[in-house]
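Please have the sequence and the model open side by side while reading.

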Amino acid sequence: MTKRHGYGVLAAVTALVVLCSTAIFLLVTGTGRGKDEDTVTAAPPAARGSAAPASSGNWVGTWSAPPSGAEPGTLIDGLAGRSVRNVVHTSVAGEATRVTLSNLYGQQPLSITSATVALAAAPGSPTAAAGTLRRLTFGGTTTVVIPAGGQRVSDAVRMSVPGDADLLVTTYSPLASGPVTFHAQARQTSYLAEGDRTRDPDGAAYTAQSSYWRYVTAVDVLSRRLAGTLVTLGDSLTDGLRSTSGANHRWPDRLARRLANEQGAPRYSVVNAGISGNRVLLAGAGRPADNPAALDRFDRDVLGRSGAKAVFIDLGINDILRAPQQYDARRIVDGLRELTARAHAKGLHVVGATLMPFEGHRGYTVRGEQTRQAVNAEIRSGRVFDAYADFDRGLRDQAHPTRLAAVYDSGDHLHLNDAGYLRMAETVNVADLRGAAPAQL
């Protein structure tokens, strides 16, 4: 059916005239499509937080995983000829969605000839729930070429997205396009299949499993209820290292549930911008750098998130632990203050955290402990963040305060178990997440 004929039918059928009036700005892309291909044109990606044409509301992030590097073994061919079905977990619900795909670490254009989004039939399953598979489009077309170093945001898709649920974001590229941009520590199983199986609701073809997220770096939803997005910026402790895989027990996941269920909590979604091993000051090797420093990735991974209203920063321990060790607390604190100032310049409220103890870890030194104590003293002074959560006091061994409490320790004396990540989320005063008088930097 052509667009002209479609309008004629709408004009002739009075019941549909009413429907048309409630969606006057809605443009259905394509013709003769099945239910799994129903999409709507989105506002331009640069218009962060803008309302979708289909209805009123705010674009907020429901999930994110910043690119952490180039996947080993994918330098030349990437994943040409294979479908990648990423399993991602939503923090909040919405009535429409859009997806960000990245080729940040690619050295050649990434040609995506088909991409879909669907609700998983069960937690962690590669099978789509009946009737939920939707085709993604980019500027009205089902194909997109993402230049090396670039990213693209899909058009909005009309789809009821539940909160605290798994979505399937599937991509297919027929051409060599390496290396693959990925997030290395997903703590979630995703899947791969041979050939273009992006439109398969059934997950039977997805016989290969993966502990990575590939290409997809953010999922937004359109919400009438929420006021904005809280971005949690951090390292492996925010990434959820050593938490139970597939259980969504990272501390940002736990905090998202608190905000969804506690009366009086800010009406924010929560997205995870943690990268294992991340530092405030130094990046890894390569161009672009693997594991980019927080100062380098802040604009993309925090300020660029849809609906960002506040940021929670838990960083600094890897600056102390990882070679070359940074034992000058002033430099670490100055880096944290710069992040706060840049957030303030964009109108974001900033909450931070004290650095937790790590005695017993293989990287522990007395000098490093002294640096940690000095950083924490500055954070507690109120001159670094607008507010802070005292993770140090909340999770340390009260009888031996330079160590984690055993009940929260995963066993390496640095990372936490599920109980420890829950305790982190419980330590946050949700009232502090709202804007207040900014810190005197």
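Pro179 is placed in the loop between strand 11 (166–173) and strand 12 (181–183), where strands are DSSP runs of E of at least two residues and helices are runs of H or I of at least four, both numbered from the N terminus. The peptide bond from Gly178 to Pro179 is cis, with omega near -10 degrees. This is a predicted model, in which local features need pLDDT of at least 70 and side-chain atom pairs count only at pLDDT 80 or more, while totals for chains, interfaces and linings use all residues. Residues are numbered from 1 along each chain as its sequence is written, and side-chain values use heavy atoms, with hydrogens and water left out.

A cis peptide bond also runs from Ala323 to Pro324, with omega near -5 degrees, and Pro324 lies in the loop between helix 6 (317–321) and helix 7. Tyr215, in the loop between strand 15 (213–214) and strand 16, has a positive phi of about 70 degrees although it is not a glycine. Most residues other than glycine have a negative phi, and most peptide bonds are trans.

Helix 7 (residues 329–345) packs with helix 5 (residues 294–303) at an angle of about 30 degrees, their axes being 11 Å apart; axes are lines fitted to C-alpha atoms, for helices over the stretch in contact, and angles run from 0 to 180 degrees between N-to-C directions. Helix 5 and helix 7 are therefore roughly parallel to each other, since angles under 35 degrees count as roughly parallel, over 145 as roughly antiparallel, 65 to 115 as roughly perpendicular and the rest as oblique. In their contact (heavy atoms within 4.5 Å), Ala294, Leu295, Phe298, Asp299 and Leu303 of helix 5 meet Gly335, Glu338, Leu339, Arg342 and Ala343 of helix 7.

Helix 4 and helix 10 (residues 418–427) pack at an angle of about 45 degrees, with axes 8 Å apart, and are therefore oblique to each other. Helix 4 contributes Trp251, Arg254, Leu255 and Arg258 to this contact, and helix 10 contributes Asp418, Tyr421, Leu422, Met424, Ala425 and Glu426.

Helix 4 also takes part in the second largest pocket, giving the most to its lining, with five residues. On a 1 Å grid over the protein atoms alone, a pocket is an open set of points with protein on both sides within 12 Å along at least five of seven lines, a cavity is a set where a 1.4 Å probe fits but cannot get out, and lining residues have an atom within 4 Å of a point. The second largest pocket has a volume of about 410 Å³, a volume being the space filled by probe spheres set on the points, which are joined across faces, edges and corners. Of the 37 residues that line this pocket, the closest to its centre are Thr62, His89, Thr90, Ser91 and Val92.

A search of the whole structure finds two cavities of 30 Å³ or more. The largest cavity, of about 70 Å³, has among its lining residues Asp235, Leu237, Asp314 and Leu414. The second largest cavity holds about 30 Å³ of space and is lined by Pro67, Gln151, Thr217, Arg300, Asp301 and Arg305.
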